[in-house]
Amino acid sequence: MSSLIQQPAWKSLEKHYQSVKDLHLRTMFAEDPTRGQRLSVEAQGIYLDYSKNRITGETLRLLADLAESVDLRGRIQSMFRGEKINTTEDRAVLHTALRAPRNTSILVDGKNVVLDVHAVLDRMADFSRRVRSGEWKGYSGKRMRNIINIGIGGSDLGPVMAYEALKHYSDRDLIVRFVSNIDGTDLAEATRDLDPSETLFVVCSKTFTTIETLTNAESARDWCLKALHDKQAIARHFVAVSTNRAEVQKFGIDPANMFGFWDWVGGRYSLDSAVGLSLMIAVGPDHFRDMLAGFHAMDEHFQSAPFPKNLPVLLGLLGVWYVNFFQAETHAILPYDQYLWRLSAYCQQLDMESNGKRVTLDGTFVDYQTGPIIWGQPGTNGQHAYYQLIHQGTRLIPCDFIGFFRSLNPLGHHHDLLMANFFAQTEALAFGKTPEEVAAEGIPPALIPHRTFGGNHPTNTLLAEELTPAMLGKLIALYEHKVFVQGTIWNLNSFDQWGVELGKVLAKRIAPELSVSGEPELDHDSSTNTLIRHFRQKRRSLT
């Protein structure tokens, strides 16, 4: 297959870009009074206004041609059918099966995996109810009041993001915390004010060999045993989300309290698997299943909606437009809801680990840009931090604004002020403020350049009724599928992550070399050797 940039659809977009790159949103809106209504779509309770993008009808047509040229529809169906589209690991990609209804049939190697999914969900629900009701007790007979999830990557970012997002629906009698960093401070702070006899740890590691997770789990075990004095206590205070029965049992966890998942579930797509056990305990099985229903609703939309009305396809194609033609390097996700304060971090892993690739599916090096840098934090906090750069800096930064018609915590006129800022920012980014408009306000000439805003900054606006478990599921699935669309356009495998492995391998090699009791021979580059020696010397002087 020839390079993507040699494809006729790509060449047409390049030519089109030259004709529209200098068009301003002020002009486009002035010439088309209906643009705001015309370039919007509503599906699954989400209203998407994409009119404030630097596009024309021809842009959309050519982007659709690009999607057709790479057989996006066929690739979508291949994923949903359970074909092994993760070619480097010879695996199916079926996070969509995790939220499929019980009566669905999805075959992998001739087996209906939906039956296994619901068997695990039923076990999770039963366990969650026992913990929430107080039926599940610790070794000393006390009920569990503290839940600590230990994981890293998708085994942490997914559960913690969703817990924070759905905190409104959680059992406030439970303290729920998350530990991921191998820095001992993370675990120390998570446990410092808790009673071990009332604490349940959920250890999430598919292989049960992930060094960060297992190191934290072993230290958590030591913390428990220091108070409870009996190794038999581990089986009452630790459960596992894993597939490695032998290692789970070796740790001291009863395999009956091991919740499994499958190799066709990637870590960053695993929230709605057993990895979400801590979330289910916090919000309850019914809310968790509502979230799964939201995921599935967006899956159905993505699989069946025509591309011009397909939310993930539209967002994905617009992202390609900016990354590859406007050379935008970053993308900001800006939720105007405090409960979604971890969403940007979650999408960061989802996008950058999936499409942060430089080789295509067939192993050839790309000659075009791929995944953007994802960042952001909730409004209105960001407005008093980095929005300055978006408005008046030298970089083009496409943004997604996410807001809700109704607050889960109505308080005075807070929500109206929040949403006033929400709408004002997209308007200001699109249209800016001209020198003439600034001068008309009587601003001194010397200050006019400083008070001028160029505008023409693209945004997507997503609005929904309120942040429910179902809506959270829809939003997450929307971004999952957007990433898949872009990976398909760029001819990438969005479902492996070999780039995270090299640092892990080197860390295992270096760890014993940091010993203060000896001088292990070093065989790194001169910088790393010097740094290790300096570290050993300084730490030795502090012991």
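**Close-up 1. Asn310 and the residues it touches.** In this predicted model, Asn310 touches His301, Phe302 and Ala305, leaving aside residues up to four places away in sequence. Asn310 lies in the loop between helix H13 (285-304) and helix H14 (311-324). Is Asn310 buried or exposed? Asn310 counts as buried because its relative accessibility is 0%, and buried means under 20%.

**Close-up 2. The peptide bond from Gly379 to Thr380.** This bond is cis. Its omega is near 10 degrees. Where is Thr380? Thr380 sits in the loop that runs between strand S11 (373-375) and helix H16 (387-392).

**Close-up 3. Gln44, between two strands.** Gln44 is in the loop between strand S1 (40-43) and strand S2 (46-49). Gln44 is not a glycine, yet its phi is positive, at about 55 degrees. Its relative accessibility is 30%, so Gln44 counts as partly exposed. That label covers values between the buried limit of 20% and the exposed limit of 50%.

**Close-up 4. His229, between two helices.** Helix H9 (211-228) comes on one side of this loop and helix H10 (234-237) on the other, with His229 in the loop between them. His229 has a positive phi of about 65 degrees. His229 is not a glycine either. Why does His229 count as exposed? Its relative accessible area is 65%, and exposed means over 50%.

Methods:
Residues are numbered from 1 along each chain as its sequence is written. This is a predicted model: local features need pLDDT of at least 70, side-chain atom pairs count only at pLDDT 80 or more; totals for chains, interfaces and linings use all residues. Side-chain values use heavy atoms; hydrogens and water are left out. Helices (H or I, at least four residues) and strands (E, at least two) are DSSP runs, numbered from the N terminus. Buried means under 20% relative accessible area, exposed over 50%, partly exposed in between (1.4 Å probe, protein chains only). Contact means heavy atoms within 4.5 Å.
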